Amino acid sequence: MTSPHRKRRGAETQAALAGYLRDHGWPFATDAGAGRQGSDILNTPGLGWEAKARRDFSPLAWIRQADNGSGVPLCVHRPDGMGPATVANWPVTLRLSDVVTLLRAAGYGDPEVSDAA
């Protein structure tokens, strides 16, 4: 059973993440609240967010949880000792294939060879 402190920390983590996203390109981002299926953050089309405020580190399980059909699965981890004021520094876990796709779309790497060439 989750303690009231852990529930409060989880809710605070989701709210901080949604607030950060609202201020940085997703003006309608909202946290989904506790116990809801799907993405922890709503109104960010194409992205499946999982917010974690835990001591354990289970990236594969978390990415599987974030891969909920909402879009690119992203898991934001709030480490101990880092509060909402440090949300910009919280680590994010993604699948390598998604990182490569995003980096290529942003212009990194060699140009892709077109099939028409």
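Predicted model: local features only at pLDDT ≥ 70, side-chain atom pairs only at ≥ 80, totals over all residues.
**View 1. Helix 1 and strand 3 each give two or more residues to the lining of the largest pocket.** Helix 1 spans residues 4-23, and strand 3 spans residues 46-52. Of the elements involved, helix 1 gives the most to this lining, with 6 residues.

**View 2. The lining of the largest pocket, sorted by residue class, includes nonpolar, polar and charged residues.** There are 10 polar residues and 8 charged residues in this lining. A further 4 lining residues are nonpolar.

**View 3. The second largest pocket has a volume of about 190 Å³.** Residues that line this pocket include Leu17, Tyr20 and Leu21. Trp49, Leu74 and Val76 also belong to the lining.

**View 4. Helix 1 and strand 4 each supply at least two residues of the lining of the second largest pocket.** Strand 4 covers residues 71-77. The largest share of this lining comes from helix 1, which provides 3 residues.

**View 5. By class, the lining of the second largest pocket has 10 nonpolar residues.** No polar and no charged residues are found in this lining. The lining of the largest pocket, for its part, has 4 nonpolar, 10 polar and 8 charged residues.

Methods: Residues numbered from 1 in each chain as written. Heavy atoms only, no water. Helix = DSSP H or I, 4+ residues; strand = E, 2+ residues; numbered from the N terminus. Nonpolar A, V, L, I, M, F, W, Y, C, P; charged D, E, K, R; others polar. 1 Å grid on protein atoms, 1.4 Å probe; cavity = no way out; pocket = protein on both sides within 12 Å on 5 of 7 lines; lining within 4 Å. Points joined across faces, edges and corners; volume = space filled by probe spheres on them.
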